[in-house]
Amino acid sequence: MAEEPEVEPGATPVEETQPSTPGAKLRAAREAQGLSLQDVATRTRIAQRQLEAVERDDYGALPGIPYAVGFARAYARAVDLDEVVIAAEVREAVHGSDLGANR
């Protein structure tokens, strides 16, 4: 009989701790650097409410798809993430939702 690996109480699998959406990745990178949303707003010159929408992956709250992609790219630059990857993920998220069909 094979012995089960020991797992620390309260431990979660790695898959659950990795952010999966573009907004979650941006928020995690911001928090890892100890930055507030206002810090990112200052760096990017993007309104905090729009950055909040990006973090929530609420692209419908933004003026349009080009803005969603542009804001996410600027946010990624501000927190040292790959802006091309984040932009592609935002485009995929937008086009995979009803929003892409409505814009």
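Contact here means heavy atoms within 4.5 Å. The model is predicted: local features need pLDDT of at least 70, side-chain atom pairs count only at pLDDT 80 or more, and totals for chains, interfaces and linings use all residues. Residues are numbered from 1 along each chain as its sequence is written, and side-chain values use heavy atoms, with hydrogens and water left out.

Select Tyr 75. Leaving aside residues up to four places away in sequence, Tyr 75 touches Leu 26, Arg 27, Arg 30, Leu 37, Val 40, Thr 44, Leu 51, Val 54 and Glu 55.

Next, the core. A nonpolar core is a set of buried (under 20% relative accessible area, 1.4 Å probe, protein chains only) Ala, Val, Leu, Ile, Met, Phe, Trp, Tyr and Cys residues joined through side-chain atoms within 4.5 Å. The largest one has 26 residues, and Leu 26, Tyr 75 and Val 90 have the most contacts inside it. Helix 2 (22-32), helix 3 (37-44), helix 4 (48-55), helix 5 (65-78) and helix 6 (83-95) each give two or more residues to this core. Helix 5 gives the most, nine residues. Helices are DSSP runs (H or I, at least four residues), numbered from the N terminus.

Now show helix 2 with helix 6. Pro 22, Lys 25 and Leu 26 in helix 2 meet Ile 86, Glu 89 and Val 90 in helix 6. By type, the residues of this contact are four nonpolar, no polar and two charged.

Finish on helix 4. Its buried residues are Gln 50, Leu 51, Ala 53, Val 54 and Glu 55, and what covers them includes helix 2, helix 3 and helix 5. Asp 57, which follows helix 4, has a positive phi, near 60°.

Notes
Buried < 20%, exposed > 50% of the residue type's maximum accessible area, 1.4 Å probe, protein only. Nonpolar A, V, L, I, M, F, W, Y, C, P; charged D, E, K, R; others polar.
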